[in-house]
Amino acid sequence: MHSQIVKDEAGTCPICGMDLVARDKEQQPQTSVSDKDGHDMDEMSSEKSFHVPKAQQQAIRVTTATVTRKDLQPMLKAQAQVRWQQSAKYHVHSRAEGWVEELYTDIEGQWIEKGEKLYRVYAPDLVVAQDDYLQLLNSINEVGDAESQQQFKRRGKQRLLLLGMSEQQISLLEKTKQASYEVDYYAPQSGYITELNIQQGMYVKPGLELMTITDDQQLWFMLDIPARYADQLSVGQMVHLSSDQVSGHWMNNIDYIYPQIDPQTQTLTARVPIDSSIDSLREGLWATGNVELSPVKNALVIPVKSLITTAQNSRVLVQVRDQAFAVKAVKTGLRVGDEVVVTSGLVDGEQVVTNGQFLLAVSP
């Protein structure tokens, strides 16, 4: 084990107590990691082999694996988080200036059905628009032909629709011939009130966002993908998702990859739509996503544990004969599980050392 211990007769190593092994006459002194010339393993030529007796290999438990070719299905593991789909959110804005006289939905998180009352408002402009529409209806017979009359009526009705009145409210106005000073506004879709920025008695005006209604059946998983995998990522790849926080497993394809990289995390964001209720998933929930990358056909692979990686390159120790080993520089590619693809430096059928590489380098 300690190459610096040399004796002219049989004996034991004074450092570790192991029996000394006779050196073959033709065996040349090997270069070790810590020799006086300052050489290290990265400097050992892949053309030169060094001899390690069988007993020494057994003592340091040398194991090897065969360089093989196989088809790989790489999986990329990424962190994911649940987000509402943008199309699931409906932002309710005021259409006319006025005062909120009645607020029917006053709790954030409340579930409402489409068509349910949200609030009642007194808006002077809306009252004027109703009166103008009634006057138009009273005098419409005096305006040109039938086509012109319908055109004027559509314009008056459109004005009321743009101010927030519903078709049913306009029909009631036409029937009763009475303008309403206070007008109810209704939910445009079913969902949860996820934002509430309105209070009873509040003065509102166009542009003010009063509340947000979010459908609970439209969710996204947003995956954070390290930027180095950008060239392996594509729309349509299948993603398997699970979470330690809730039971269940979800699958779907990536439907969009955002073009920008997060400057803080240096990650890309990939979007996976999921049809799931808020009963099983909540916005903000963390999950783990496994992305099925493009398969690699007939790849040359070795175990990851056989690699000796330095800042400059990667190398492996190859068993060239029963008691002979050599160091070879290799270039590697994709890692899949416990295996790594070798792009150059090895050939099919070679034996790479998977245990005891560093001990072999210093053994006599």
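How many residues lie between β21 and β22 in the hairpin that they form? There are 2 residues between these strands, where strands are DSSP runs of E with at least two residues, helices are runs of H or I with at least four residues, and both are numbered from the N terminus. This is a predicted model, in which local features need pLDDT of at least 70 and side-chain atom pairs count only at pLDDT 80 or more, while totals for chains, interfaces and linings use all residues. Residues are numbered from 1 along each chain as its sequence is written, and side-chain values use heavy atoms, with hydrogens and water left out.

**Confidence**
- The chain has a mean pLDDT (the predictor's confidence in each residue, from 0 to 100) of 83, and 85% of its residues reach 70 or more.
- Over residues 25-46 pLDDT stays under 50, and for this stretch the model has 37 contacts (heavy atoms within 4.5 Å) beyond four places in sequence.

**Strands around β22**
- Strand β21 (residues 314-321) is joined to β22 by 7 bridges in an antiparallel run, pairing being assigned if DSSP finds at least two bridges between two strands; Arg 321 stands opposite Ala 324 in β22.
- Ala 324 is also the bridge partner of His 51, and strand β1 (residues 49-51) pairs with β22 (residues 324-336) in the antiparallel sense over 3 bridges.
- Strand β23 (residues 339-344) pairs with β22 over 4 bridges, again in the antiparallel sense, with Val 342 of β23 as the bridge partner of Thr 332.
- The hairpin of β22 and β23 has 2 residues between the strands, and Gly 337 takes a positive phi near 65° there.

**The four-stranded open sheet**
- An open sheet of 4 strands, with antiparallel pairing, has the order β9-β8-β6-β11.
- β9 (182-186) and β11 (203-204) stand at its edges with a single partner strand each, so one side of each is left without a neighbour in the sheet.
- Strand β8 (residues 117-122) runs antiparallel to β9 and is joined to that strand by 5 bridges, with Arg 120 opposite Asp 184 in β9.

**Packing of α2 and α4**
- Helix α2 (residues 124-139) and helix α4 (residues 167-176) pack at an angle of about 55° with their axes 10 Å apart, the axes being lines fitted to C-alpha atoms, for helices over the stretch in contact, and angles running from 0 to 180 degrees between N-to-C directions.
- Their contact is made by Gln 130, Tyr 133, Leu 134 and Leu 137 of α2 together with Ile 170, Leu 173 and Glu 174 of α4.
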